[in-house]
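Thanks, I'll keep this short. I want to go through the packing in one structure, then look at its surface.

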Amino acid sequence: GHAAMTHLLPSSSTGYAIMIFVLAAFQVVVMTLRLSMVVRGYKVISTVLISLHALLFVTVLGSVFRDLDNFWNVVAYAAGVGSGNVLGIILEGKLAIGYAEVRIISTDVSSQVAKSLRDHGYGATETSGRGRKGPVKVTVCIVRRRNIPRVEDMALRSDPQCFITVEDIRPPRKRPWPV
């Protein structure tokens, strides 16, 4: 069993360092995505991801410790962790799993933000408020995170002066309402 496992590993020291880099990067990508899932309440997938992370972590560190004198293995590990962090953040942004609350504040009381959002199939709750300079219209829209840029564009087209904030939310049910 053990001899077969070692046979799978690259024989050249360069190949070995590259393997460490790739596995370390992948391990951090997995960890980043897992954190994202935990925050959004996905129990099963975050459990699978933390288990995969543990497996990779032990494998990668084992590979580094097997030959600690090889400076390049240590460098490959550090570079892999750094690269994995950047990759994980990019991937998490692209996947954009979960929901967000987009809040649009217009000083233009005749603002058509809510109407524009509704015309494009989004639910929009409008309330009136008072800001520093007078009356404001507050439009709240719950959307899938991947739709945030589209909603922001619509709001800015309706009112170029509007103020937009976005907050991650965790609806009590997975599919709360047809957004």
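Leaving aside neighbours within four places in sequence, which residues is V151 in contact with? Before I answer, note that this is a predicted model. With those neighbours set aside, V151 touches V102, L117, Y122 and V143.

That takes us to the nonpolar cores. The largest one has 15 residues. V151 is among those with the most contacts inside it, together with I104, L117, Y122 and V143. The biggest contribution is from α6, which supplies four residues. Another core lies apart from this one; it has nine residues, including A17, I20, V64 and Y77.

H53 sits in helix α3, which covers residues 43–66. Is H53 buried or exposed? Its relative accessible area is 12%, and the cut-off for buried is under 20%, so H53 counts as buried. Again leaving aside neighbours within four places in sequence, H53 is in contact with Q27, V30 and M31.

Last, the surface. I18, F21 and V22 make a nonpolar patch of about 250 Å². Of these, V22 belongs to helix α2, residues 13–39. The relative accessibility of V22 is 46%, which lies between the 20% and 50% limits, so V22 is classed as partly exposed.

That's what I have; questions are welcome.

Key. Residues are numbered from 1 along each chain as its sequence is written. This is a predicted model: local features need pLDDT of at least 70, side-chain atom pairs count only at pLDDT 80 or more; totals for chains, interfaces and linings use all residues. Side-chain values use heavy atoms; hydrogens and water are left out. Helices (H or I, at least four residues) and strands (E, at least two) are DSSP runs, numbered from the N terminus. Buried means under 20% relative accessible area, exposed over 50%, partly exposed in between (1.4 Å probe, protein chains only). Contact means heavy atoms within 4.5 Å. A nonpolar core is a set of buried Ala, Val, Leu, Ile, Met, Phe, Trp, Tyr and Cys residues joined through side-chain atoms within 4.5 Å. Patches are made of residues with over 30% relative accessible area and no salt bridge: like charges are joined within 9 Å, nonpolar side chains (Val, Leu, Ile, Met, Phe, Trp, Tyr) within 5 Å. Accessible areas come from the Shrake-Rupley method with a 1.4 Å probe; for residues, only the protein chains shown count as cover. A salt bridge is a side-chain nitrogen of Lys or Arg within 4 Å of a carboxyl oxygen of Asp or Glu.
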